[in-house]
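The sequence and the model are shown first.

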Amino acid sequence: MSDDFFAELEFEITAQTAKKVLKSDAVKLKRQALNTKLNAPARAKAAEEYKQIQSIVEANQWQVVRAAGLFTEQHCDGCGSVHYNFLQYMQEEHKIGGKSRRWVRTPLPVDGLAIETIIQPLTTHICSDCCSEHGLNVLTPTIRLMPVAGALTVSAAYIQGDINGAPEES
Ligand SMILES: [Zn+2]
């Protein structure tokens with residue numbers, strides 16, 4: 001792991017910790033502002049500080065506006081087959097009081113939102129329908145399952161050679 005990675009991680013942990021401290025400070029100040037056993041100036045001071053902290057907390061909150069399931073749509077230019085695979089649930093969030101928007105993955109969609117479908121198009125030259133024509137077999141007795149922790153993903157920069165051309169020399 002690079003120093004940059006740990007610096008980013010530390011920054012994120014610090015930011016998350018700061019948010020939690022702000023939220024707990026806001027709760028304490030709200031209690032003080034509503035505590036009738038305190039004198040009026042102390043309650044007014046707590047109410048003013050609560051408003052300031054609450055505006056900072058609210059500025060860092062996101063509202064979920066859309067839910068979606070992300071699928072890949074794999075087109076095989078070898079045989080023309082199309083395969084769909086579900087990848088993950090996603091949600092679009094808008095920053096409350098701001099203009100920022102973001103898509104993030106989520107374990108489950110928020111209740112009550114219609115679930116849209118997002119399709120990520122992919123192209124392959126050999127799919128599970130035609131792999132046997134190229135000397136590959138999916139689901140044979142010798143299949144090896146790769147542990148999830150070691151899963152590989154296709155690089156966007158990967159370019160496969162011509163599967164119907166002459167073998168490449170190494
Ligand atoms: Zn195919």
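Two residues are in contact if their C-beta atoms, placed from the backbone, lie within 7 Å. On that basis, among contacts in the protein chain between residues at least 6 apart in sequence, 59% join residues at least 24 apart. The model is a predicted one.

The secondary structure of the protein chain consists of 2 helices and 4 strands, arranged along the sequence in the pattern α-α-β-β-β-β. Of its 170 residues, 3% count as buried. Strand 3, residues 101-106, is hardly covered, with a count of 0 buried residues among its 6 residues.

| Strand pair | Sense | Bridges |
|---|---|---|
| Strand 1 (residues 62-76) and strand 2 | antiparallel | 13 bridges |
| Strand 2 (residues 82-95) and strand 3 | antiparallel | 6 bridges |
| Strand 1 and strand 4 (residues 115-124) | parallel | 10 bridges |

Individual residue pairs illustrate these pairings. E73 stands opposite P121 in strand 4.

The turns of two hairpins may also be described. Strand 1 and strand 2 form a hairpin with 5 residues between them, and G80 in the turn has a positive phi of about 85 degrees. The hairpin of strand 2 and strand 3 has 5 residues between the strands, and here G97 takes a positive phi near 75 degrees.

Key: Residues are numbered from 1 along each chain as its sequence is written. This is a predicted model: local features need pLDDT of at least 70, side-chain atom pairs count only at pLDDT 80 or more; totals for chains, interfaces and linings use all residues. A residue is buried if 20 or more other C-beta atoms lie within 10 Å of its own, exposed if 12 or fewer, and partly exposed in between; C-beta atoms are placed from the backbone. Two strands pair if DSSP finds at least two bridges between them.
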